[in-house]
Amino acid sequence: MQYFPLFIDTHELPVLVVGGGDVAARKLELLCRTYARVRVIALEACDEVRALGAAGKIDLSERAVSDEDIRDVQLAYLATNDEALNVRLAAVARSRGILANVVDNPAHCRFITPSIVDRGRLVVAISTAGAAPVFARDIRARLEAWLPPSLAPLFDFIAERRVQVQNRLDSVPERRRFWERFFTLNGDRFDGNTQDHFDDSFENIGAQGELLLIDEDTSPRLLPIAAMAMLQRLDCIASNLTVPMELNELLRRDADRAAQPAIGELEHWLASGKRVLVYAGAADIKALRAHFPQARHLRAGAL
């Protein structure tokens with residue numbers, strides 16, 4: 001993984017953009033949606049960039065840039081029409097510990113800006129590591145059609161009620177089941193029924209746990225699509241074996257990892273509402289299936 005994806009808090013984040021043409025304007029359109037403090041230095045700025053300066057959204061200086069300007073910022077976008085200047089300034093930024101992006105020149109970028117789907121608090125970022133930005137835009141178009149605009153007010157609604165849920169429900173698994181029930185009832189809508197779905201979701205959240213079984217001979221690539229959602233709901237992955245990377249990629253990253261428990265302990269986990277995956281050899285899986293007939297045995301193409 002050449003580029004590590006992360007989301008940066010932009011509150012008071014100092015950002016420098018060098019260049020004031022159409023390319024810089026496109027970057028600024030996105031940056032001005034954040035809470036960053038954006039400074040722009042350009043020998044000549046286009047109308048769109050000047051308008052942002054006049055509106056107080058950026059600090060604009062129309063002059064030549066110097067090496068001394070590349071300091072006291074954390075991110076720099078270098079978007080002049082002089083490629084040699086962009087590359088030289090990128091080297092200055094690197095020497096001063098500043099992350100720089102040379103627009104349309106991935107070889108000299110310390111970070112890249114992904115294609116973004118913005119639904120308020122829900123942001124989806126797509127990147128091909130600079131290899132195929134046209135394909136990333138195609139994926140973005142599909143997601144734009146799939147994710148409705150109602151998600152923005154819905155996630156504002158949820159954010160306002162998270163403390164209420166934490167105060168009413170003591171354990172993390174209970175809270176997780178609460179939100180799963182809420183999204184099952186409400187879906188991605190935000191309408192007059194959303195508050196009722198929220199209130200109803202506090203009922204029957206202490207349900208029996210769930211046991212999933214995968215034997216070591218099952219290829220993760222052959223698991224059914226329906227299994228993916230189950231694997232993302234797990235509270236614990238239990239195994240005495242090394243779980244292959246290919247399977248780990250399908251599992252909840254923050255789920256607990258543990259050795260395979262004895263039958264009695266596993267019964268206790270399920271009674272407390274835990275969702276558990278046991279990854280084991282064929283003999284152990286056969287024994288667990290006999291003891292827990294309600295368990296789901298995930299196999300190639302079947303649940």
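This report describes selected helices, strands, core residues and loop residues of a predicted model.

## Helix α3

Helix α3 covers residues 83-95. At 1.5 Å a residue, its 13 residues should span 18 Å, and the end C-alpha atoms lie 19 Å apart, which agrees. The buried residues in α3 are Leu85, Asn86, Leu89, Ala90, Val92 and Ala93. Viewed down the axis of α3, these buried residues fall within an arc of 160°, so they line one face of the helix. An α-helix has 3.6 residues a turn, so residues three or four places apart point the same way. Ala84 and Ser95, on the other side of α3, are exposed.

At the N-terminal end, α3 is capped by Asp82, which has a side-chain oxygen 3.2 Å from the backbone nitrogen of Ala84. After α3 comes Gly97, with a positive phi near 75°.

Helix α1 (residues 22-31) has Ala24, Ala25, Leu28 and Leu31 as its buried residues. Down the axis of α1 these fall within an arc of 120°, so they line one face of the helix. Asp22 and Arg26 are exposed on the face of α1 turned away from the buried side. The packing partners of the buried residues of α1 are β1, β2 (37-42), α2 (47-54) and β4.

The largest nonpolar core has 20 residues, and Val17, Leu28, Val38 and Val49 have the most contacts inside it. Two or more residues of this core come from each of β1, α1, β2, α2 and β4. Helix α1 gives the largest share, four residues. In soluble globular proteins, nonpolar side chains tend to be buried together. With neighbours within four places in sequence left aside, Val38 is in contact with Val15, Val17, Leu28, Leu31, Ile58 and Asp59.

## Strands β6 and β7, and Arg119

Strand β6 (residues 115-119) includes Arg119. Strand β7 (residues 122-126) pairs with β6 in the antiparallel sense, over five bridges. Within this pairing, Val117 stands opposite Val124 in β7. The hairpin of β6 and β7 has two residues between the strands, and Gly120 takes a positive phi near 70° there.

Arg119 has a relative accessibility of 11% and therefore counts as buried, the cut-off being under 20%. The side chain of Arg119 makes a polar contact of 2.9 Å with the side chain of Glu144. Beyond its neighbours within four places in sequence, Arg119 is in contact with Glu144, Leu147, Pro148, Pro149, Leu151 and Ala152.

## The five-stranded sheet

An open sheet of five strands runs in the order β10-β9-β11-β8-β12, with parallel pairing. Its edge strands, β10 (256-258) and β12 (296-297), each pair on one side only. In a regular strand the side chains alternate between the two faces of the sheet.

Strand β9 (residues 236-238) is joined to strand β11 (residues 275-280) by three bridges in the parallel sense. Cys236 stands opposite Val276 in β11.

## Helix α5 and Arg168

Arg168 belongs to helix α5 (residues 151-168). Its relative accessible area of 52% makes Arg168 exposed, since the cut-off for exposed is over 50%. Arg168 and Ala302 are separated by 134 residues in sequence and, C-alpha to C-alpha, by 38 Å in space.

## Loop residues with positive phi

Asp72 is a residue other than glycine with a positive phi, near 60°. Asp72 sits in the loop between β3 (59-62) and β4. With a relative accessibility of 71%, Asp72 counts as exposed.

Asp104, which is not a glycine either, has a positive phi of about 65°. The loop between β5 and β6 holds Asp104. Asp104 is exposed, its relative accessible area being 72%.

How values were computed. Residues numbered from 1 in each chain as written. Predicted model: local features only at pLDDT ≥ 70, side-chain atom pairs only at ≥ 80, totals over all residues. Heavy atoms only, no water. Expected span 1.5 Å × (residues − 1). Buried < 20%, exposed > 50% of the residue type's maximum accessible area, 1.4 Å probe, protein only. Arc of directions from axis to C-beta. Polar contact = N/O pair within 3.5 Å; in protein donor to acceptor, adjacent residues only side chain to side chain. Contact = heavy atoms within 4.5 Å. Pairing = 2+ DSSP bridges. Core = buried A, V, L, I, M, F, W, Y, C linked by side-chain atoms within 4.5 Å.
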